[in-house]
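Subject: Structure handover

Hi,

Here is the structure I promised to pass on. My notes on it follow below.

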Amino acid sequence: MNQPGRLKGPGLGSLVLIAVVVGGSAAAFAYTAGWLSPGRLTPERMIAALTPPSGAPLGHRRNHAKGICFTGAFEANGNGVELSRAKVFVQGRYPVLGRFNLGTADPNAVDATVRVRGMGLQISAADGEEWRMAMINPPFFAVSTPQAFHDLLVASGKKDPEAMKAFSQANPEFAAFAAWAKAAPWTGSYAEEPYNSLDSFVFVDAKGDERVLRWSLRPAAERIPVSQADLEKAGPDVLEQEIEERIRTAGPQRWTMVTTVAEPGDPTADPSRAWPEERRAVQVGTLVVQRIEPERDGPCRDINFDPTVLPQGIRVSDDPFPAARSSVYRRSYDLRAAEAKDYPRTEAVQQ
């Protein structure tokens, strides 16, 4: 798989390639629960597909390798209790640990070369129960099945231009993602991005009634479009620098968590298909990001943002991606933990 370098121009070809590389920013897939045969797809094969020709980013996540930690709080407004019995929806304030990140296997990537941005988030209840999630800023995923994502990685890594053409013909849903990658505005800040679950989950209320939902974190900050060229001129690490400076000078940044309830017939197993805009939406609280810390010594460094770590009152749906991602995230965690010497903490922290 080719990893993005410095851009030669904002044409569709380069944008699509970047989207291909980072479009899986919230999803690496695996053989889990028998939904793929062992001969077709395993965590090892998926990690191999994610690995750039220059080699694995030792000590780092195999995808979303570039990121920065944050801490803060989730302020639940109480509306979520009608949807789920999860404790974090009871009105109150709950500690969070998170990570802004870029969908790339290169921890030194230039920010302007990565089209998809992400957020890993962990919300903790008073009793220690956790809700972990991994979200990205596109409104839908690049492809509809785990196998298609693997095929996308393989095709994007080939020098033959016909490979991506053949892939796109076999997976027509990719056209919508390619269009988003070409036309969606860039911003100069993590604070101005929405972050979407894309995957569907089952919420269970206190009565045992079930609903299938997706959710989004919608920024309070004004979204100010910038050109890709201007973003590149701002420096290779502008997003990390900007969010740190923004919080230092402007104070905590906020996102409203909005859950969307599926209706019968909505595609719950296919994150490449958005639900109609008129679906019922419930605002359940506010994410407040209060402090930024560099990842090398930060609290998010050793967190596996496994989307199947769920509180009571939320469970996986028929969407195969969360369980699949869980397997690859776990394998990625094991690899980077074994490679800690290749990404050492600072001497001050080790003492």
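W215 is buried, at 2% relative accessible area; buried means under 20% and exposed over 50%, with a 1.4 Å probe on protein chains only. W131 is buried too, at 0%.

Two points on provenance. The model is predicted, so local features need pLDDT of at least 70 and side-chain atom pairs 80 or more, while totals for chains, interfaces and linings use all residues. Numbering runs from 1 along each chain as its sequence is written, and side-chain values use heavy atoms, without hydrogens and water.

Aromatics

The structure holds 16 aromatic pairs. A pair here is two rings of Phe, Tyr or Trp (its six-membered ring) with centres within 6.5 Å; planes under 30 degrees apart are stacked, over 60 edge-to-face, the rest tilted. W131 and W215 pair edge-to-face, 5.1 Å centre to centre with 75 degrees between the planes. W131 sits in strand β4 and W215 in strand β8, 84 residues apart. Strands are DSSP runs of E, at least two residues; helices are H or I, at least four.

F141 and F321 are also edge-to-face, because their centres are 5.8 Å apart and their planes at 65 degrees. F141 is in the loop between β4 and α3, F321 in helix α8, so this pair ties together parts 180 residues apart in sequence. Both F141 and F321 are buried. Ring pairs also join F70, F100, Y190, Y195 and W255 into a cluster.

The largest pocket holds about 530 Å³. Its lining has 23 residues; P139, N196, S216, R218 and A274 are the closest to its centre. A pocket is an open set of points on a 1 Å grid over the protein atoms alone, with protein on both sides within 12 Å along at least five of seven lines; lining residues have an atom within 4 Å of a point. Volume is the space filled by probe spheres set on the points, which are joined across faces, edges and corners. Strand β8 gives the largest share of this lining, four residues.

The second largest pocket holds about 310 Å³. It has 15 lining residues, with K66, G67, P107, D237 and E240 the closest to its centre. β1 and α7 each give two or more residues to that lining.

Helix α4

In α4 (residues 161-170), A163, M164 and F167 are buried. P161 and Q169 are exposed, on the face turned away from the buried side.

Regards

Technical notes. On a 1 Å grid over the protein atoms alone, a cavity is a set of points where a 1.4 Å probe fits but cannot get out, and a pocket is an open set with protein on both sides within 12 Å along at least five of seven lines; lining residues have an atom within 4 Å of a point.
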